[in-house]
Amino acid sequence: MVTLNELRKKLEKLIGSKFDKNKILEAFKNYQEFGDSSVVIYQGDYDKSKYFAHINQVGAHKFIIEVDENNIITGIFD
């Protein structure tokens with residue numbers, strides 16, 4: 001099982017690469033919260049430079065993925 005810190009490190013390795021939902025899903029592989037491993041990834045409604053990724057449970061840890069105008073990941077925050 002992947003820990004939260006291990007997941008964070010996997011996501012941080014994506015900084016500098018083009019945003020790809022499949023790569024985000026791969027980073028979440030073997031990570032669970034509340035016994036669930038289904039991942040939700042969506043773009044912000046008002047700020048298109050941010051995506052959000054988390055396990056599909058209320059209270060799950062949420063990651064913010066910032067991208068530039070070319071959809072290159074510039075930062076991972078939680």
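Which residues does Leu11 touch, not counting residues up to four places away in sequence?

1. Leu11 touches Ile24, Ala27, Phe28, Phe63 and Ile76, where contact means heavy atoms within 4.5 Å. This is a predicted model, in which local features need pLDDT of at least 70 and side-chain atom pairs count only at pLDDT 80 or more, while totals for chains, interfaces and linings use all residues. Residues are numbered from 1 along each chain as its sequence is written, and side-chain values use heavy atoms, with hydrogens and water left out.

2. The largest nonpolar core has 19 residues. A nonpolar core is a set of buried Ala, Val, Leu, Ile, Met, Phe, Trp, Tyr and Cys residues joined through side-chain atoms within 4.5 Å. Buried means under 20% relative accessible area, exposed over 50% and partly exposed in between, with a 1.4 Å probe and protein chains only. The members that touch the most other members are Leu7, Leu11, Phe19, Ile24, Phe28, Ile65 and Ile73. At least two core residues come from each of helix H1 (4-12), helix H2 (21-27), strand E2 (50-55), strand E3 (63-67) and strand E4 (73-77). Helices (H or I, at least four residues) and strands (E, at least two) are DSSP runs, numbered from the N terminus. In soluble globular proteins, nonpolar side chains tend to be buried together.

3. The whole structure holds four aromatic pairs. Rings of Phe, Tyr and Trp (its six-membered ring) pair if their centres lie within 6.5 Å; planes under 30 degrees apart count as stacked, over 60 as edge-to-face and the rest as tilted. Phe28 and Tyr31 are edge-to-face because their planes stand at 75°, with ring centres 6.1 Å apart. Phe28 and Phe63 are also edge-to-face, at 6.2 Å centre to centre and 85° between the planes. This second pair links distant parts of the chain: Phe28 lies in the loop between H2 and strand E1 (39-43), and Phe63, 35 residues away, in strand E3.

4. His54 is in strand E2 and counts as buried because its relative accessible area is 11%. Beyond its neighbours within four places in sequence, His54 contacts Phe28, Ser38, Val39, Val40, Tyr42, His61 and Lys62.

5. Asn56 sits in the loop between E2 and E3 and is partly exposed, at 45% relative accessibility. Neighbours within four places aside, Asn56 contacts Asp36, Ser38 and Val40.
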